[in-house]
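Hello,

Here is the structure you asked for. My notes on its aromatic rings follow below it.

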Amino acid sequence: MKVVHMNDEMIQYCTFYLDKSFFGVEAHKVQEVARIQNLTTIPLMPDYVKGLINLRGEVVMSIDMSKKLHACAEEKNDYVNLVLRDQNANSISLMVDHVGDVIELSSHGIEDVPENIDPSTRKVVKGMYKLSQKFMLVLDVDRIMNQIME
Amino acid sequence: MNENQELIAAFVEESIEGLDAFDQDLVELEKKPDDHEVINKIFRVVHSMKGTGSFFEFEKLVTLSHTAENLLDDIRGDKLQATAEIITILLETSDVLRKILHNIDKTQAEGEIRIQELLEKIHLCRTTQLESEQNQTQGVEENPEPSHHRMQIVTESSIRVDIDRLDRLMNLVGELVLCRNQVLQYSKSLYDTQFAIVSQRLSHVTTDLQEIVMQTRMQPIERIWGRYPRVIRTLANSCNKKVRLIMTGEDTEIDKTLLEIINDPLTHILRNSIDHGIEDPEYRLRSGKPEEGTIYLSAYQEGGQIIVEIRDDGKGINASYVKQQAVKKGIITEAQSQSLSDRDAINLIFVPGFSTVDTVTDMSGRGVGMDVVKEYIEHAGGVVELTSEVGVGTCIQIKLPLTLAIMPGIVLGTCKSKYVVHQASLVELICLEDDEIPDKIEFIRNVAVYRLRGAVIPLICLDEVLNEGRTLFDVIDQNSTINIVVLQAARRQFGLVVECIHDTQEVVVKPLNRFLQKMQIFAGATILGDGGISLILDVGGIARRANVEAIRKEALEVIGVQAQEELQDKSVQFVVFEGQDGGQMGLPLLDIYRLEKISLNDIQKIGLHHVMQYQNKILLLIDVRQVVEERRKQLRNTDLALSEIYKNAHHLYVAVYEDGHEKFGLILSPNVDIMQIEVENTSKPTRAGVLYSTIMGNKITEVLNVSEIIAMSYRKRMNVSESIGVPAEL
């Protein structure tokens with residue numbers, strides 16, 4: 001589904017918590033939220049590539065986002081699979097702590113990411129919203145889909 | 001879409017297909033201006049377009065095709081010669097017809113296309129040549145019915161299906177295969193005969209279904225290649241170069257979606273080749289090359305992938321020039337360019353924003369660069385590789401996965417996980433007992449090799465290659481039997497030591513994420529019968545990663561003089577059998593893929609060919625005795641059944657050979673022997689098909705030349721078929 005954001009449009013975001021941060025990702029790019037699935041490890045991969053999961057017959061790569069963003073993160077025992085899908089029908093699954101509500105925000109409100117966010121997080125985020133009680137980092141799905149291995 | 005629109009859409013689709021063949025045939029016609037079969041094919045296309053077009057009242061289309069039809073009729077009636085000028089005009093006509101069809105497709109109307117000029121050109125063509133013929137002929141009618149025109153009845157034996165439906169069908173079949181695997185798994189543990197019988201039946205039906213559904217989506221790569229001769233002709237003409245295109249493997253089948261994806265990249269590569277690769281005729285002659293440049297386009301299937309190669313004999317890519325350009329464009333620094341190897345340097349052309357030619361020609365270089373080509377192909381899950389030699393030529397190899405392929409696999413296990421290998425890569429399975437190890441496995445510094453019947457092959461350990469914690473030595477230490485899987489990649493063999501060998505399964509290949517695919521270690525993933533995900537190994541990638549070639553080299557060095565002699569000594573194994581006149585014939589065992597003992601009943605004759613079922617395919621058989629000329633030069637009746645020739649035999653030995661991606665078999669005789677001899681004194685061959693004669697087991701033995709025999713067999717089939725008027729191809 002192609003969504004074109006005009007300047008004053010409302011965008012729906014799926015939100016989630018990862019470590020101490022609050023993120024949002026464009027809802028139309030989220031394929032599903034899945035429970036913990038049996039993981040098959042892939043040899044010779046960096047540690048943030050957790051493995052492969054079987055989603056109704058589709059083999060999807062699962063990424064431990066904590067490890068990707070913070071090099072020395074611990075093993076996750078409790079997480080949720082946030083499965084993203086791009087316009088070419090490629091999927092990738094991110095291990096996140098838990099998922100929040102779906103919220104609607106105006107495209108006007110998106111701001112640049114502040115300097116104090118660490119570099120590895122900045123790489124995967126394309127903007128930020130100041131909400132009433134917290135900040136929401138907007139995940140850059142295309143960046144993740146295309147450059148997750150870099 | 002209402003009914004009329006549907007009819008129009010079908011008409012447009014058919015017409016475009018017809019024009020594709022039209023273009024291809026025109027290029028053919030230019031080479032063979034008197035080939036009436038081709039002329040008729042071309043004629044029929046415009047004829048039917050005129051007919052159906054008039055039904056829809058597409059006036060311009062009808063007028064143009066009618067005029068072209070008249071021109072073709074003149075050619076058909078031998079009143080006109082198909083000169084290069086005429087071919088070009090007809091190709092131009094094809095283009096204009098396409099434009100009209102395009103408009104019809106989009107707007108249901110012909111649109112504002114001017115055809116007057118083209119009509120006049122065609123008319124001029126006809127009259128100028130015709131005028132010179134006026135002296136010989138009397139009044140010429142429009143469209144006379146030539147007496148030699150053969151009527152051909154074309155029957156409808158196909159149906160158009162929406163590709164989305166085929167996609168969904170494929171997915172469902174994939175799921176069915178997975179389910180079937182699970183059912184078979186349960187069946188094994190249940191010991192219920194009734195259930196076992198039913199699940200076997202399910203299995204057979206599923207296999208057949210899967211094969212047929214896969215085939216519906218497969219089209220020969222010729223579908224896109226068909227346009228290339230014309231493209232080459234146009235480009236070569238505009239660059240004032242002489243180029244010919246040689247295509248092999250055009251019948252290689254490839255999934256329809258992949259076809260669409262690689263068409264543009266291939267076209268672009270061809271353009272590059274002509275524009276920048278092939279030199280102009282005078283330069284070529286001066287360099288000692290033939291005036292006409294050649295582009296070789298080939299396609300074949302190997303181990304679950306489609307390989308497409310484009311090779312030219314042009315001037316190659318100059319690494320230093322590329323480096324220069326790259327530094328100029330700021331892609332790399334001067335320092336970096338110093339340390340770059342030539343091989344890495346030429347791959348810089350894949351970097352976005354790169355174009356080696358300063359002046360952008362119309363054909364290539366503008367907008368579409370090699371970086372886009374690479375992206376297209378990687379998007380499809382494939383890889384591109386470029387090799388080049390200055391002055392010699394350039395070769396671009398594209399590997400594409402058979403995406404939703406269902407492949408016969410063999411499941412291997414390391415101590416931690418299961419992996420699948422395509423059966424096509426499997427040479428043999430070896431199980432070594434402890435006491436055999438000293439004889440068969442040799443340790444040289446840090447590496448190991450295995451003695452496989454006289455050859456020395458590198459030995460690697462899967463656990464070690466995949467970093468799963470154990471080394472080759474661990475595995476050998478900890479196990480009393482060693483499992484070695486002998487695999488083949490790029491025609492070279494190596495042995496893979498694994499913890500265990502599970503079973504064979506037909507598995508559904510699920511494509512992997514692009515990045516994983518690029519690493520070329522895993523070719524895909526699958527879901528096994530037990531529900532778990534298993535990675536499919538890319539045999540070539542594993543070999544490269546484990547540095548198999550380096551091991552091979554090192555081993556051959558270290559094994560040294562004594563073993564070198566042993567290896568190179570002329571002691572070779574031969575398959576020896578009785579020839580047709582009582583003499584003995586031999587074939588080197590090493591070249592043979594498999595030596596099979598086949599029951600006579602399994603060999604069938606279809607037309608002029610002997611065939612048999614082998615590994616789920618039809619294997620073409622060549623009867624050695626019938627191909628190698630008899631000394632007595634008797635006329636052999638090729639209609640004799642094998643059972644008559646080989647009386648009293650129930651079985652025949654067939655030597656199966658692998659020729660690139662195809663297999664064929666040589667029928668030897670009811671009995672064979674294996675002899676290991678040192679070939680010392682050889683004498684020149686006495687007849688075609690024989691490499692040399694030598695003594696084996698006290699008998700004069702003719703060692704056969706397999707490739708020559710193939711060629712002879714092919715020629716024989718062509719000759720016989722011509723004389724009895726039957727097409728040589730099945």
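Buried means under 20% relative accessible area, exposed means over 50%, and partly exposed is what lies in between. Please keep in mind that this is a predicted model.

Ring pairs

Over all chains, the count comes to nine aromatic pairs. One of them joins A:Y17 and A:F22, whose ring centres are 4.9 Å apart with 45 degrees between the planes. Planes under 30 degrees apart count as stacked and those over 60 as edge-to-face, so this pair is classed as tilted. A:Y17 has a relative accessible area of 27%, so this residue is partly exposed. A:F22, at 8%, is buried.

In chain B, B:F11 and B:F56 also form a tilted pair, with 5.5 Å centre to centre and 40 degrees between the planes. B:F11 belongs to helix α1 (residues 3-31) and B:F56 to helix α2 (residues 36-56), both of chain B, so the pair ties together parts that are 45 residues apart in sequence. B:F11 is buried because its relative accessibility is 6%. B:F56 has a relative accessible area of 15% and is therefore buried. Ring pairs also link B:F11 and B:F56 with B:F55 and B:F58 into a cluster.

Charges over rings

In chain A, the ring of A:Y48 has the charged end of A:K68 sitting over it, 4.5 Å from the ring centre. In chain B, the charged end of B:R311 sits over the ring of B:Y296, at 4.5 Å from its centre.

Regards

How values were computed: Residues numbered from 1 in each chain as written. Chains lettered and ligands numbered in written order. Predicted model: local features only at pLDDT ≥ 70, side-chain atom pairs only at ≥ 80, totals over all residues. Heavy atoms only, no water. Phe/Tyr/Trp six-rings, centres within 6.5 Å; stacked < 30°, edge-to-face > 60°. Buried < 20%, exposed > 50% of the residue type's maximum accessible area, 1.4 Å probe, protein only. Helix = DSSP H or I, 4+ residues; strand = E, 2+ residues; numbered from the N terminus. Lys NZ or Arg CZ within 6 Å of the ring centre and 35° of its normal.
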